[in-house]
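Visitor: Please take me through this model one feature at a time, and give each cut-off where its term first comes up.

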Amino acid sequence: MDPITNYDFSGWATRNDLECTDRRTIKKDAFAHCDGKKVPLIWDHNANSPDNILGHAYLENRPEGVYCYGVFNESESGAAAKLLLKHGDIDTLSIAAN
């Protein structure tokens, strides 16, 4: 994957073999098929409203888990989420796992 150079934040979307808040444990390479993919950045896994789509993220499968590079859109909700992140009011994210 080419290096992502224009993003608002980056961090681990998931780490291997850690129990998530939903009590699921994501194993190594569970998201290998998503390596390099651009996916929607959605508030609380709820894509039922356009207001919940905050931007997009590029996923990178690594030996330790899945790393993401997030880009907020210019919608009100995207700008609000960016501000919340900037001020440390939110500091985690998750990805949908089945």
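Guide: A charge is taken to sit over a ring if NZ of Lys or CZ of Arg is within 6 Å of the ring centre and within 35 degrees of the ring normal. The model is predicted, with local features needing pLDDT of at least 70 and side-chain atom pairs pLDDT 80 or more, while totals for chains, interfaces and linings use all residues. Residues are numbered from 1 along each chain as its sequence is written, and side-chain values use heavy atoms, with hydrogens and water left out.

Visitor: Which residue lies over the face of Trp12, and at what distance from the ring centre?
Guide: The ring of Trp12 has a residue placed over its face, and that residue is Arg15. The distance from the ring centre of Trp12 to Arg15 is 4.3 Å.

Visitor: At what distance from the ring centre of Tyr67 does Arg62 lie?
Guide: Tyr67 is itself a buried residue with a relative accessible area of 14%, where buried means under 20%, exposed over 50% and partly exposed in between, for a 1.4 Å probe and protein chains only. Over the face of this Tyr67 ring lies Arg62, and the distance from the ring centre is 3.9 Å.

Visitor: How many aromatic pairs does the structure hold?
Guide: Rings of Phe, Tyr and Trp (its six-membered ring) pair if their centres lie within 6.5 Å, with planes under 30 degrees apart counted as stacked, over 60 as edge-to-face and the rest as tilted. By that criterion the number of aromatic pairs in the structure is four.

Visitor: Which residues of H1 are exposed?
Guide: The buried residues of this helix, H1, are Ser77, Gly78 and Ala81. Seen down the axis of H1, these fall within an arc of 100°, so they line one face of the helix, the arc being that of the directions from the helix axis to the C-beta atoms. Strand S3 (53-62) and S4 are among what covers the buried residues of H1. On the other side of the helix, the exposed residues are Glu76 and Lys86.

Visitor: How far apart are the C-alpha atoms of Lys86 and Asp8?
Guide: Lys86 has its place in helix H1 (residues 76-86), and with 67% relative accessibility it counts as exposed. Although Lys86 and Asp8 are 78 residues apart along the chain, their C-alpha atoms are separated by 9.6 Å.

Visitor: Which residue follows H1, with a positive phi?
Guide: After H1 comes a residue whose phi is positive, near 80°. That residue is Gly88.

Visitor: Which residues does Thr14 touch, not counting those up to four places away in sequence?
Guide: Thr14 is found in strand S1 and counts as buried at 7% relative accessibility. Contact here means heavy atoms within 4.5 Å, and beyond four places in sequence Thr14 touches Ile26, Gly65, Val66 and Ile95.

Visitor: Is Asn52 buried or exposed?
Guide: Asn52 has its place in the loop between S2 and S3. Leaving aside neighbours within four places in sequence, Asn52 is in contact with Leu41, Ile42, Trp43 and Asn46. With a relative accessibility of 16%, Asn52 counts as buried.

Visitor: What is the phi of Asp44, which is not a glycine?
Guide: Asp17, in the loop between S1 and S2, is not a glycine and yet has a positive phi of about 65°, and with a relative accessible area of 45% Asp17 is partly exposed. Asp44 lies in the loop between S2 and S3 and counts as exposed at 62% relative accessibility. The phi of Asp44 is positive, at about 55°.

Methods:
Helices (H or I, at least four residues) and strands (E, at least two) are DSSP runs, numbered from the N terminus.
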